[in-house]
Amino acid sequence: MRVSFDVRNADADTLSRPELRPVTMVSADSHVSLPPKMYKDYLDPQYHDSWSDYLADVAIINKVVELTGYPAPADALEIYDKRGVVSAAGEIGYFDPVWRLRQVEAEGIVAEFLHPFGPLGFVPFSDVQNSRCSHELRVAGARAHNRFLTEFCSEAPGRLLGVPLIYPWPDWDAGVADIVRARESGFHAIFPPMMPGTPDDLPALYDPWWDPMWAACQDVGMVVHIHAGFGNPQGSVVEMVRSVFSRTEGGAADTADKEGLAAIDPSLLPKFDPDAESETGGTNSFLSELFETFGERRPLWQLMWGGVFDRFPKLKVAFQEIHADWVPATLEYLDRAHAAEPGSMKLTPSEYWARHCAVGTSLMRYGDVAVRHEVGLNKMMFGSDFPHFEGTWPNTHDWIRTTLGSVPEVEARAILGENAIDFYGLDRALLEKTAKRVSPLPGELFNGQPVDPKLIRHFEFRAGINKPVNFNVDQMNQAFEEDRAGALKALAATTGNSG
């Protein structure tokens with residue numbers, strides 16, 4: 001006679017054995033957003049006159065989404081949707097919290113940090129995917145999203161962890177009030193504007209103009225998130241799409257005199273084909289290239305050389321959805337630059353990183369895992385990126401087996417959840433209680449179970465998990481010299497002031 005035993009209901013002594021403790025998994029990077037037309041209900045009525053402009057932007061950006069291969073064709077679903085959750089509209093969890101909890105609990109995830117934008121829509125007026133908008137419209141859109149976000153997260157406080165948008169309009173008093181209100185609502189991080197330092201827009205992050213935000217976040221214990229897409233001018237994506245599809249050589253002859261969507265030739269859109277080689281000989285998708293951009297890295301040295309980390313020594317900053325493989329090479333570069341010309345910096349760049357920073361390794365690659373000790377084992381955090389097409393859902397366990405399968409269990413636990421709990425000060429008791437109910441045991445996750453090679457090929461195609469580190473020295477030289485000069489000039493303006 002075989003006796004079954006549910007370790008999730010075992011006593012504390014039993015659960016103290018690591019092999020019988022579920023793996024508490026926290027996603028440091030996931031996404032929520034309303035379908036575009038639903039945002040109007042959350043937007044202050046005085047801004048409804050601008051609604052048609054937003055919907056026009058949505059129509060354009062939908063073509064970019066198609067370029068990523070979304071939605072996946074039927075033959076792809078046969079490989080990566082074995083449980084049928086994508087075809088059963090699991091993506092509704094993007095804006096429905098009940099559906100959301102159903103999906104992430106099935107993946108064993110107990111909590112998620114929820115950023116805006118994704119395949120089903122983006123925030124009106126404030127996102128970089130919008131056409132260029134006024135400061136007033138940007139804050140109106142941000143607050144519309146935050147109203148939805150607060151409502152969404154109320155379904156599971158302490159587990160659905162919203163990252164509210166903060167925009168300083170009409171002044172920083174209003175922005176700081178939004179930060180304080182967000183903390184009082186139980187949130188742990190903020191999402192600042194994504195366009196600082198772009199032409200004729202907000203100042204770069206080294207500018208003391210931002211000091212009220214840093215001070216408020218330090219005072220109330222809010223982490224600042226720098227997310228993929230940071231540093232792009234608002235309107236650039238929309239204008240690029242309009243330009244490319246209106247003027248692409250070789251396009252259909254009958255589109256030559258048309259503009260916008262009417263000029264788009266469907267034959268220009270790529271097909272979802274994980275086995276096809278690109279023009280450069282690689283086998284990764286256009287989508288995987290989106291996470292090779294450079295703008296998201298620049299705040300790291302801007303905050304160091306601009307004296308921000310010296311003025312606000314308890315400030316925390318997390319770099320989300322931009323991998324971790326670039327961090328060691330970047331810190332080595334910055335340490336050399338500091339040694340050659342230390343200026344007034346109180347610590348070395350590596351010391352600032354250790355004191356202030358962490359990185360959310362969504363779309364985790366082999367390269368990210370390989371440098372975990374150089375990055376700092378306590379600095380790397382897992383991200384599922386739900387419900388994005390390039391993320392781990394609905395194959396989170398297989399993705400983890402593929403990338404973390406050979407890592408010691410204690411290190412895997414740190415990356416998958418322990419680091420996030422510690423870095424943000426999350427409710428450990430709540431999350432461990434939830435883990436007993438939904439999370440896998442180590443033996444269920446790290447058991448040598450083979451992963452379907454076709455599925456691994458999908459991971460490679462969608463997110464480039466096999467790509468080498470991207471560190472372009474010439475690009476780094478140019479960006480660093482520009483930022484150092486700007487930061488030192490801004491720092492001079494703060495002489496004699498304290499944060």
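A cavity is a set of points, on a 1 Å grid over the protein atoms alone, where a 1.4 Å probe fits but cannot get out; its lining residues have an atom within 4 Å of a point. The views below use a predicted model, with residues numbered from 1 along each chain as its sequence is written. Local features need pLDDT of at least 70, side-chain atom pairs count only at pLDDT 80 or more, totals for chains, interfaces and linings use all residues, and side-chain values use heavy atoms, with hydrogens and water left out.

**View 1. The second largest cavity and its lining.**
Eight names can be picked out here: Tyr70, Tyr80, Val86, Glu91, Pro387, His388, Phe389 and Trp393 line the second largest cavity. The space inside is about 50 Å³, where a volume is the space filled by probe spheres set on the points, and grid points are joined across faces, edges and corners. By class, the lining has six nonpolar residues, one polar and one charged. Here Ala, Val, Leu, Ile, Met, Phe, Trp, Tyr, Cys and Pro count as nonpolar, Asp, Glu, Lys and Arg as charged, and the others, Gly among them, as polar.

**View 2. Two cis peptide bonds in a loop.**
Another joins Trp393 and Pro394, with omega about 5°. Where is Pro387 placed? Pro387 sits in the loop between strand 8 (380-383) and helix 16 (396-404). Pro394 is also in the loop between strand 8 and helix 16. Helices (H or I, at least four residues) and strands (E, at least two) are DSSP runs, numbered from the N terminus.

**View 3. The largest cavity.**
How many cavities of 30 Å³ or more does a search of the whole structure find? The search finds three. The largest holds about 110 Å³ of space. Its lining has 13 residues, and Ser126, Leu165, Phe191, Pro192 and Pro193 lie nearest the centre. That lining divides into 11 nonpolar residues, one polar and one charged.

**View 4. The largest nonpolar core.**
A nonpolar core is a set of buried Ala, Val, Leu, Ile, Met, Phe, Trp, Tyr and Cys residues joined through side-chain atoms within 4.5 Å. Buried means under 20% relative accessible area, exposed over 50%, and partly exposed in between (1.4 Å probe, protein chains only). The largest core has 145 residues, and Trp214, Leu300 and Tyr424 have the most contacts inside it. Helix 5 (residues 135-153) gives the largest share of this core, nine residues. In soluble globular proteins, nonpolar side chains tend to be buried together. Over the whole chain, buried residues make up 58% of the 499 residues.

**View 5. Helix 10 and Leu300.**
Is helix 10 (residues 298-305) mostly covered or mostly open? Helix 10 is mostly covered, with seven of its eight residues buried. The buried ones are Pro299, Leu300, Trp301, Gln302, Leu303, Met304 and Trp305. Apart from neighbours within four places in sequence, Leu300 is in contact (heavy atoms within 4.5 Å) with Phe309, Phe319, Trp326, Thr330, Leu331, Leu334, Trp353 and Cys357. Gly307 follows helix 10, and its phi is positive, near 75°.

**View 6. Two residues with positive phi.**
Asp200 is not a glycine, yet its phi is positive, near 55°. Asp200 lies in the loop between strand 4 (189-190) and helix 7 (211-220). Asp200 counts as exposed because its relative accessibility is 73%. Glu321 is not a glycine either, and its phi is positive, about 60°. The loop between strand 6 (317-320) and helix 12 (327-340) holds Glu321. Glu321 has a relative accessible area of 2%, so it is buried.

**View 7. Ala76 in helix 3.**
Ala76 lies in helix 3 (residues 74-80). Why does Ala76 count as buried? Ala76 counts as buried because its relative accessibility is 1%. Beyond neighbours within four places in sequence, Ala76 is in contact with Phe272 and His458. Ala76 and Lys454 are 378 residues apart in sequence, but 9.7 Å apart in space, C-alpha to C-alpha.

**View 8. Confidence along the chain.**
pLDDT is the predictor's confidence in each residue, from 0 to 100. The chain's mean pLDDT is 89, and 87% of its residues reach 70 or more. Over residues 248-264 the pLDDT is below 50, and this stretch has 17 contacts in the model beyond near neighbours in sequence.

Key: 1 Å grid on protein atoms, 1.4 Å probe; cavity = no way out; pocket = protein on both sides within 12 Å on 5 of 7 lines; lining within 4 Å.
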